Amino acid sequence: MGTHEIIRVSVAPLGMVNCHVVVGAKGSVLVDTGLPGSCHKVERALQRRGLELSDVKLIVVTHAHIDHAGSAAHLRALTGAPIMAHAGDLDFYQQKRPMTFCATGWFGHAFLRTGLIRRPYVPFTPDLLLQDGDELALDRFGIDGAVRPTPGHTCGSVSVQLGGGDAMVGDLVSSGILLGGIARTGKAKRPPFEDNPQAVAVQLERMLDAGAQHFFMGHGGPLPADEVRRHVAALKAITAEG
């Protein structure tokens, strides 16, 4: 046990929006589901690897933004796999109340004005709900790793940290320009929205200290550990100034 393969699924071109499949010895884990209507892109990415949707045994949604949770309900129906997420974002998954968005710069403010990030998606209730302090080991899929709460981007954000130094962190960090991807994908930056940069810095530093070497994200990337450490220092400087 312990070997795995990571398949990046490009939901939008040039790495602007990504989800990932972790292929283990006993099944695959889908991390994030993309925008509404992304199911066929996930299916094609699996087929290129010789896999089918039925090979997905768990769906992990890192947080409740539409570009990560938008196809979760449909992919659960197609794969039969349970959805795992954190209770902190439950009301948003169920569409019981609107999310709030803390823009990190001019692009975030401009993107908010388009209304795209606020679009509804098919609501769902996760089958497995993490609470703070919980974690789910992935050994049942032949994968050395675990899903853990990593609040900061949203209160209910989670990440997947794997043996061998790989981590899938949703939107704890991004790279590239504008939304992310396109160019400068090796340069870490804050995503367009971020609830608590201080909490993000804590979570990224914990993963680095636990051995994370390669960070796979929803926008741009992947990034090496040294670049993420530089980003953590920049986040700490922001919070110190505040």
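**Exercise 1. Determine which residues line the largest cavity, and classify them.**

Solution. Step 1: in this predicted model, local features need pLDDT of at least 70 and side-chain atom pairs count only at pLDDT 80 or more, while totals for chains, interfaces and linings use all residues. Residues are numbered from 1 along each chain as its sequence is written, and side-chain values use heavy atoms, with hydrogens and water left out.

Step 1: a cavity is a set of points, on a 1 Å grid over the protein atoms alone, where a 1.4 Å probe fits but cannot get out; lining residues have an atom within 4 Å of a point. The lining consists of Asn18, Cys19, His20, Val31, Asp32, Met168, Val169, Gly170, Phe216, Met217 and Gly218.

Step 2: strand E2 (residues 17–24) gives the most to this lining, with three residues. Strands (E, at least two residues) and helices (H or I, at least four) are DSSP runs, numbered from the N terminus.

Step 3: six lining residues are nonpolar, four polar and one charged. Here Ala, Val, Leu, Ile, Met, Phe, Trp, Tyr, Cys and Pro count as nonpolar, Asp, Glu, Lys and Arg as charged, and the others, Gly among them, as polar.

Step 4: the volume of the largest cavity is about 40 Å³, a volume being the space filled by probe spheres set on the points, which are joined across faces, edges and corners.

**Exercise 2. Locate glutamine 95, isoleucine 182 and proline 222, and describe their backbone.**

Solution. Step 1: most residues other than glycine have a negative phi, and most peptide bonds are trans.

Step 1: glutamine 95, in the loop between helix H4 (90–93) and helix H5 (106–114), has a positive phi of about 60 degrees.

Step 2: isoleucine 182, in the loop between strand E11 (174–175) and strand E12 (188–189), has a positive phi of about 70 degrees.

Step 3: proline 222 is found between strands E13 (214–216) and E14 (223–224), and a cis peptide bond, omega about 0 degrees, joins glycine 221 to proline 222.

Conventions: 1 Å grid on protein atoms, 1.4 Å probe; cavity = no way out; pocket = protein on both sides within 12 Å on 5 of 7 lines; lining within 4 Å.
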